[in-house]
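The questions below ask how the terms applied to one model follow from its computed values. Each answer sets a value against its definition.

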Amino acid sequence: MREDLRDRRRRETSQTIHEAVMRLAREHGFDKVTVDMISAEAGVSPRTFFNYFPSKEVAVVGRTPGALPPQLLDTFVAGGPAHPRTVLEELTRAIVDQMAADPPERQEVHDIFMLAHGTPSVFAALMTRFDGFRQSLAAAVAQRMGPDADEGIPDLIATVAMAAVRTGMERWSSDLTTDGSDSPVPYVERSVALLHLLLAPDHTSTRSAP
């Protein structure tokens, strides 16, 4: 689905505000940054700021994963009921595919995580964003698996998938040994592969007693 002009402008304004708060936080320290300062830096009014973000903390979070595009979710749900491990594999693949199609910038993600780890209110906003993403994934899993699935499975699958994604993103954002222009996909795929390894059946034979 192509992005229309209005959606593109909203996305660009949102990104401009996010970049403004990150610049000001680096220059002055986050606690000293006000909404008026952010608005002036971004070239928007405070009213416009609040049309996009409820707080400066949420503006920091920016493009941190918060939802999958409807078409990806529709494709995932259309797969129909399957073994939970299969559903988990296909869910994580959908997340990775979205990251590959629209990768974040390493330095940007690094700065968000660093600010979150040092500022409780930003950390809370980041965790709220991740939890909202988890809830949307759980709803998609529940829709795919149908009413006969155990009620705890969708939430567990979504939680495990988000843990792998977050671990991969944090490792990627902290590895600043390259120019920062690469994708988080290999790091997230590595976390997902380790996850599947942990969940795989153990086929090793037990040693028999003499």
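**Pockets, cavity and helix packing**

The second largest pocket is lined by Q15, H18, E19, M22, R26, R63, E105, Q107, E108 and D111. The model is predicted, so local features need pLDDT of at least 70 and side-chain atom pairs count only at pLDDT 80 or more, while totals for chains, interfaces and linings use all residues. Residues are numbered from 1 along each chain as its sequence is written, and side-chain values use heavy atoms, with hydrogens and water left out.

Q: What makes a residue such as Q15 part of the lining of the second largest pocket?
A: On a 1 Å grid over the protein atoms alone, a pocket is an open set of points with protein on both sides within 12 Å along at least five of seven lines, and a lining residue has an atom within 4 Å of a point. Q15 is among the residues that line the second largest pocket. The space in this pocket is about 190 Å³, where a volume is the space filled by probe spheres set on the points, which are joined across faces, edges and corners.

Q: Which elements give two or more residues to the lining of the second largest pocket?
A: They are helix 1 (5-28) and helix 7 (106-118); helices (H or I, at least four residues) and strands (E, at least two) are DSSP runs numbered from the N terminus. Helix 1 gives the most, with five residues.

Q: How many residues of the lining of the second largest pocket are charged?
A: Six are charged, three are polar and one is nonpolar. Asp, Glu, Lys and Arg count as charged, Ala, Val, Leu, Ile, Met, Phe, Trp, Tyr, Cys and Pro as nonpolar, and the others, Gly among them, as polar.

Q: What makes the space lined by T64, V109, I112, F113, L126 and M169 a cavity?
A: A cavity is a set of points where a 1.4 Å probe fits but cannot get out. The count comes to one cavity of 30 Å³ or more, and the largest cavity has a volume of about 30 Å³. Its lining divides into five nonpolar, one polar and no charged residues, and helix 7 supplies the largest share, three residues.

Q: Why is helix 1 called oblique to helix 7?
A: Their axes come within 12 Å and cross at roughly 60°; axes are lines fitted to C-alpha atoms, for helices over the stretch in contact, and angles run from 0 to 180 degrees between N-to-C directions. Angles under 35 degrees count as roughly parallel, over 145 as roughly antiparallel, 65 to 115 as roughly perpendicular and the rest as oblique. That value therefore makes helix 1 oblique to helix 7.
The contact (heavy atoms within 4.5 Å) is made by Q15, H18, M22, A25 and R26 of helix 1 and E108, D111, I112 and L115 of helix 7.

Q: Which hand does the crossing of helix 1 with helix 7 have, left or right?
A: Helix 1 passes helix 7 in a left-handed crossing. The term applies if the near helix is turned anticlockwise from the far one by less than a right angle, and right-handed applies if clockwise.

Q: Why is helix 1 called oblique to helix 2?
A: Helix 1 and helix 2 (residues 35-42) pack at an angle of about 120°, with their axes 8 Å apart. Helix 1 is therefore oblique to helix 2. Helix 1 passes helix 2 in a right-handed crossing.

Q: Why are helix 9 and helix 10 called oblique to each other?
A: The axes of helix 9 (residues 153-174) and helix 10 (residues 185-199) come within 7 Å and cross at roughly 135°. The two are therefore oblique to each other. Helix 9 passes helix 10 in a right-handed crossing.
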